[in-house]
Amino acid sequence: MTHLLDVQDLVVKFRLRSGDLTALNGINFTLNPGERMGLVGESGAGKSVAGFSIINLISKPGFIASGRVLFEGEEISAYPLEQMRDIRGNRISMIFQDPMMTLNPVLTIGTQMVETIMAHNKVSVTHAREIALEKLSKVYISSPGKRLGQYPHELSGGMRQRVVIAISLLTNPSLIIADEPTTALDVTIQAEVMALLLELCRDDNMGLILITHDLGVVSQVTEKIAVMYAGRIVEQGPTEAIVSAPRHPYTQGLIKALPQGGGGGGRLHQIPGMMPNLTSIPPGCAFHPRCEHAMDICRRETPQLFGDGQTPGLVACHLYAQTR
Amino acid sequence: MKAHTTEPLVSITNLVKHFDISGGFLDRISFAGGLPSLTTTTVKAINGVSLDIRQGEILSVVGESGCGKSTLGRTVLGLYPPTSGKIAFRDMRIDNLSAQDMLPYRRRMQMVFQDPYASLNPRMTVRQILEEPTRFHFPDLSTSQVQDKVAEVMRQVGVDPAWAGRFPHEFSGGQRQRISIARALMVDPEFIVADEPISALDVSIQAQILNLIMDCQERFGLTYMFITHDLSVVEHISTRVAVMYLGTLCELADKKNLYGDPQHPYSRALLSAIPRLGTKGFSHIRLKGEVPTPINLPTGCVFHTRCPHVNERCRNEIPKLLGRPNGSQAACHALEEGRI
């Protein structure tokens with residue numbers, strides 16, 4: 001079976017005056033049709049860069065230095081801009097964090113939706129409006145006909161993000177990349193929006209890459225997770241396995257640092273220090289200065305992702321290499 | 001954790017805060033029936049909130065954006081003058097004091113803001129940032145005493161005193177939030193309002209700052225009003241929790257009661273929406289509609305437009321905060337009448 005998405009050894013660099021900065025250091029993952037994956041990590045881990053680079057949305061001075069992205073078997077990372085436009089917003093849609101920044105404030109919702117449809121399909125304006133109406137009702141927007149004539153500022157935050165989701169669905173994509181889609185929203189609205197996204201993906205067998213720092217949301221929505229740290233994937237596997245029994249010390253720390261339900265006060269587990277700046281990534285395993293299990297080998301050799309054949313998932317940590 | 005008493009440190013009684021957003025003269029002119037008249041538009045941010053903050057506790061104020069939780073914090077500290085109502089600190093009414101009389105209370109009540117990038121002056125070194133409030137509130141201290149105090153507080157919050165000569169931009173977000181907390185601690189406060197102090201930080205850094213906040217509570221016997229929208233954090237650190245909706249207090253309860261047995265329909269919906277690790281899918285209570293604007297408040301109970309248990313009384317009569325059998329307090333007619 002062809003994978004929906006196959007990312008192979010993707011390296012993204014930023015060309016700076018002081019030299020090239022590696023933001024993404026060889027990441028690999030695959031996504032099957034209809035599969036939902038979470039890309040998790042803290043700011044600066046490279047999760048957004050990973051998401052953007054799939055549809056080559058890295059703007060200068062960033063560039064894809066090596067690696068391949070295969071989408072439905074086609075090597076889209078080699079596509080020229082014109083051909084890429086045919087993929088972006090058509091077969092792969094993207095949802096960004098802030099709906100107010102995504103929507104054009106001076107155009108009505110209707111204009112923006114019709115514009116998107118007509119850019120990708122040869123349809124009449126009337127037909128395009130029908131599609132727009134259909135998608136708006138699909139994301140449970142009340143009185144969709146009225147909304148088409150409204151401007152983004154007339155809608156609430158949750159409603160705006162629904163409109164953005166409706167726009168991303170206009171061309172019936174097979175993959176949606178959502179970059180922190182609910183970070184700007186309140187919890188009750190976040191739950192609504194994420195439940196909607198989950199339902200849509202299930203109904204239309206759409207793939208989803210959910211980029212977020214919120215492990216709670218990821219565990220509700222996705223089937224698998226890739227945890228990123230300093231430009232690399234340090235652990236990946238089925239969501240349940242990673243959430244219930246994380247193996248990489250960073251993932252363990254991240255989960256233990258979350259205030260858990262039922263917990264009554266007490267100190268939270270804290271990971272000492274902070275994520276290294278991309279200009280000064282430590283040699284060996286990038287996590288070793290913060291790791292309580294750091295060994296000599298961690299300072300010298302960068303661990304590669306591997307599986308031991310028993311536990312599901314892959315982990316990049318020397319702790320497990322020893323017992324291999 | 002230090003035992004807290006039930007003695008109130010800060011009492012808020014019937015606090016109301018409205019903001020006039022009518023704008024200039026020309027903006028206010030409207031024509032009704034052919035005659036020009038002046039209109040005023042007010043945002044009703046807080047509408048009659050009463051609560052006590054007890055000595056030594058962490059009282060969390062939760063609610064969604066626009067519910068008035070930040071306004072409440074700022075009004076309590078006197079950063080906004082209240083429209084009506086009373087605020088008392090250790091039984092001394094402070095909302096009507098002159099700026100001069102307020103000074104000693106400003107020292108005893110400090111604030112930590114959400115965004116450590118915006119709340120530290122970029123042109124001042126950390127030493128200057130920390131010295132300024134100390135020199136202002138303790139003019140009798142000698143230069144060396146102030147410097148000792150800076151070094152001591154920096155150590156307490158976990159920032160190397162050797163970095164005192166650096167500027168805020170040279171620090172990470174977590175470090176900057178530590179400096180904000182240090183600035184509040186410099187004047188030996190008794191009460192700190194922390195307005196979303198960890199929202200701008202990453203998970204692993206959030207844990208560090210939360211631990212610091214709890215350490216300070218223990219070490220200095222501080223009382224906090226902790227304003228946040230992050231319900232898992234609230235569950236971890238608070239003693240009691242106040243749930244707000246549209247400028248009104250819905251429920252005030254001990255943490256265990258609120259999370260184990262939420263009373264008010266809004267609290268129930270809010271808590272059901274927390275994303276939890278290891279849960280699949282969604283089982284949250286869906287609320288209909290959207291939060292109404294605080295310019296045109298609904299009549300009666302402010303939550304009635306979205307409440308599944310609404311009846312005629314809810315539409316007309318504002319519910320009072322009443323005690324519940326489990327010890328919580330909630331403002332809801334349906335609860336009072338035993339309908340839910």
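Colleague: What should I know before I start?
Modeller: This is a predicted model, in which local features need pLDDT of at least 70 and side-chain atom pairs count only at pLDDT 80 or more, while totals for chains, interfaces and linings use all residues. Residues are numbered from 1 along each chain as its sequence is written, and chains are lettered from A and ligands numbered from 1 in the order in which they are written.

Colleague: How many helices and strands does chain A have?
Modeller: Chain A has 13 helices and 11 strands, taken as DSSP runs numbered from the N terminus, with helices being H or I of at least four residues and strands E of at least two.

Colleague: And how much of chain A is buried?
Modeller: Buried residues are 47% of its 324 residues, where buried asks for 20 or more other C-beta atoms, placed from the backbone, within 10 Å of the residue's own.

Colleague: Switching topic, how many residues of chain A are in contact with chain B?
Modeller: On chain A 35 residues are in contact with 36 residues of chain B, contact meaning that the C-beta atoms, placed from the backbone, lie within 7 Å.

Colleague: Which helix gives the most to that side of chain A?
Modeller: Helix 8 of chain A does, with 7 residues.

Colleague: Which sense do strand 1 and strand 6 of chain B pair in?
Modeller: Strand 1 (residues 8-20) and strand 6 (residues 84-89) of chain B pair in the antiparallel sense over 5 bridges, and pairing requires that DSSP finds at least two bridges between the strands. Thr13(B) has Lys86(B) in strand 6 of chain B as its bridge partner.

Definitions and conventions: Contact = placed C-beta atoms within 7 Å. Buried ≥ 20, exposed ≤ 12 C-beta atoms within 10 Å, placed from the backbone.
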